[in-house]
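Colleague: I would like to learn how to read salt bridges and a sheet in a model. Can you take me through it?

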Amino acid sequence: MPENKAKAGKSVKTPHKGLKNKLILIMIGVGTLPLLLAMVISYVQGTKSLQNVIGASFQALAAETAMKIDFILKEEIIKNRRLATHPTLILTVREHDRSTQEMSEAEIGSRFKKQEEIWQEKDSVKKGLLSNSSSRTLQSFLKRQSLSVTATHALFVTDPKGILIASINSYPDFFNGAFPFVSKVISEGKDFVYVGPLKPLPDSDQYGLHLAVPILNHSEQVIGIFHRVYLAKEFFASSIEPILFGETGHVMLIDSRGMVIDCPILPTGMQLSDPNLVKSVTGPQANWVLTEGDGHGGKDLSIIGYSPLPETNVITQASAGLNWFTFAWQSSSEVFAPTEKLFLWISAAGFFSILLIAIMGSVASDRIVKPIRLLQRTTARIGRGEDVEPLKIPTGDEIESLANEINLMNRMLKKSFSGLEEQVREKTKEVRSLQEFTEGILMSVPDILLIFNEDLKAEYVNAAFEKLTEITAQEVLGKTLKEMGFKHQDRWDFMSKELHTYVQGLGQKSTSVNRVTLGKQEPRDPLAPKLAGPTWETKNTVTLGDRVFAYQFFDVAITVEEKRRIGLLMKEISEEKALQDQLAMAEKLSGLGTLAAGIAHEMNNPLYSIMGFTEAILEEKDPVKIKTFAQKVLDRAKHMASIILNMSGYSRSGEKDEARDVNINERLDASIEMALMASYSDDIELEKQYSQLPLLKAKPEEIQQIYLNIIRNAVQAMEGKGKLVISSAPENGQIVTKIQDSGPGIPQEYLSKIFDPFFTTKEQGEGTGLGLNIVHKLIEKYGGSISVESKVGEGTTFIVAFPSGGNSANSLPIKS
């Protein structure tokens, strides 16, 4: 007993973290999490609210500026319309029109060609157009001091064909008919105003804005055009550039292409490089956006307010298909400075709050930890078998109750230690007896049993294994399957790979998972039948010489140990395998009589055709017709050969055939042809819905036997009349085929029995009841599955699925 007590004392481990530290951490965690959550929510909500306020302010500023520019442009248009009604301008245009009306086309061309040559001369004295009465009138318009006068770059008048009549300078071309502003003003009529897009001015680094209004006669007919070109920067600068806020905040004017019309920072005519930004700030209504980039070369997050010019955009849209927008912006560092300051204040407040929580937690934990440490020291001494005094901890809470329980435990331990050693000896004797009994049972099991440890080395083998391999247990224990040196070592190497696959995938890739738990088991009536499961012949098989074994891996979980062990159970099924092959062959032969009769019926027609065409060949003299008849004889013969080929391929046993790549669609076609021949009916409507499929590694005659049995049952169920739909498609890594008939359907009470051996609803002598049972076994052999859906009176659908990409691991190796 002292020795046991010493061992118990040594087994106590010192905790890595003290209780006080844990309590402090818990208090910090409990106090910090809500605090941090509140800080984050406050910061997020504060940031969002601040962004909304700033965005709304920028939007309002942009909208106000847009209204201001709308008003300025409206006033400017009214002013130019009034100037276009000056009597001198109207008289000059009318005289120009009358002079051209009295001239022939040739005279007009000659006259204006000379005037154009004079206009293009460098010597401005020769340009008489600059000194006529209308030009002087235009110059008088510019003597008034106003923003529009200062910003005017050109002022001129043209006739409806765009020919220059008067101008204040040499800016315009003599012939302007090709420009869109001429055709627009003439075609749209008296109320139209043209405001063109921003254009670079020749021999200048500035951009101009072209405004044109019609000149009307007393009948309000358009007889000419009044043109005015403004320097865009000069015209809008006084309305936009004084609007500044903060160090970087300002308003700019752009068009829907993203071209700058006026900005305190960016040059007029500059194209904004980010199309996404342009799209964001050219919406139909005034708004604000939070976007990447600012249009000024920065890529930071920016808040931008924008607004369209509603009245101006009606004109610019009709003139050039463009809209104008005001754009209020401030640098990100300046906009988000209050947010950053808010974050710093919240962070500082959070830090001091956490520090305060930690200090309070440390004080509170001291009052809890000291009594617990006394309990810890006392229980450690009890564990070492020392004689300790009763604990006295007058805290008046659960700790005092715990101290009383420890005192009671100490008294009871002293009483119980006296009889403990005798009980240990009795239990040890029982365990050894149980171990010998269990080993005796395992050694008597006729099936082969191996148990592997975590390193996949043999830990236990039974007598059946020794008999099979002619190797004693001492020779293989502690070795892997590859290291044991068996006969047929290649087969055991395959088993070793299967074992590794099972361990890596927990049985999901190559084998089914079965767990044997050595511990508490649920009671069960030994006479009650178990739920049906897969039979041995449908499990994984391996061939050792001329003997076939079904094998199964299972997980051995021992509740008293944490280590995993893997079991391998092998059962010889050589006789069952041979009987299964014979049973499948018998099912094939049972339908040969019906198929033979159908084939004879199917071959009558081509035989009669061959006879008729042969007689025609004997009597025919024309070589062309003889060749035609001979070709038809050959076609009929090929048809008969395909029927015989399908029949001979189906009737072979296939025992010695090896698995090869099989085209499922071809096997379906062959099965359909054979099943329909045996029906003696042409009233079945056949619909095929094939898809491109991967090849399946299998024996072709076995795949054909699967589909022939299903399709033949469908044809028989429809009694030779109905619709048969057969489809194939790859789905989720599987090859899925569906056979759907319009027969009477299968009653619900029969659906669970149709795959049972010898179950049939046909009359005696019409079926063996083995067809679908064999189909089920063959499909499981290739790792596939079969299911059935049926409604009485509507028909039945069989769904067959095989793993794609060749055979699954469950069916390797395939040897009979």
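**Salt bridges, then a sheet**

Modeller: This is a predicted model. Start with Glu-702, which counts as buried because its relative accessibility is 10%, under the 20% cut-off.

Colleague: Which side chain does Glu-702 meet in a salt bridge?

Modeller: The general idea comes first. Side chains of opposite charge can pair when their charged atoms come close. Here Glu-702 meets Lys-781, at 3.2 Å from N to O. Glu-702 sits in helix H22 and Lys-781 in helix H24, so the pair ties together parts 79 residues apart in sequence.

Colleague: How many salt bridges does the count come to?

Modeller: Twelve. One of them joins Glu-76 to Lys-79, with the closest N and O atoms 3.7 Å apart. Both residues lie in helix H2, three residues apart, about one turn of the helix. Glu-76 is buried at 5% relative accessibility, while Lys-79 is partly exposed at 25%. Shared partners join Glu-76, Lys-79 and Arg-228 into one network.

Colleague: Where do Lys-190 and Glu-220 lie?

Modeller: In loops. Lys-190 is between helix H7 and strand E3, and Glu-220 is between strands E5 and E6, 30 residues apart. Their closest N and O atoms are 2.8 Å apart. Lys-190 is partly exposed at 34%, and so is Glu-220 at 46%.

Colleague: Now the sheet. What is the order of its five strands?

Modeller: E20-E22-E23-E25-E24, in an open sheet with mixed pairing. E20 and E24 stand at the edges with a single partner strand each, so one side of each lacks a neighbour in the sheet.

Colleague: How many bridges join E22 to E23?

Modeller: Eight, and the two strands run antiparallel. Ser-728 stands opposite Thr-737 in E23.

Technical notes. Residues numbered from 1 in each chain as written. Predicted model: local features only at pLDDT ≥ 70, side-chain atom pairs only at ≥ 80, totals over all residues. Heavy atoms only, no water. Pairing = 2+ DSSP bridges. Helix = DSSP H or I, 4+ residues; strand = E, 2+ residues; numbered from the N terminus. Salt bridge = Lys/Arg side-chain N within 4 Å of Asp/Glu carboxyl O. Buried < 20%, exposed > 50% of the residue type's maximum accessible area, 1.4 Å probe, protein only.
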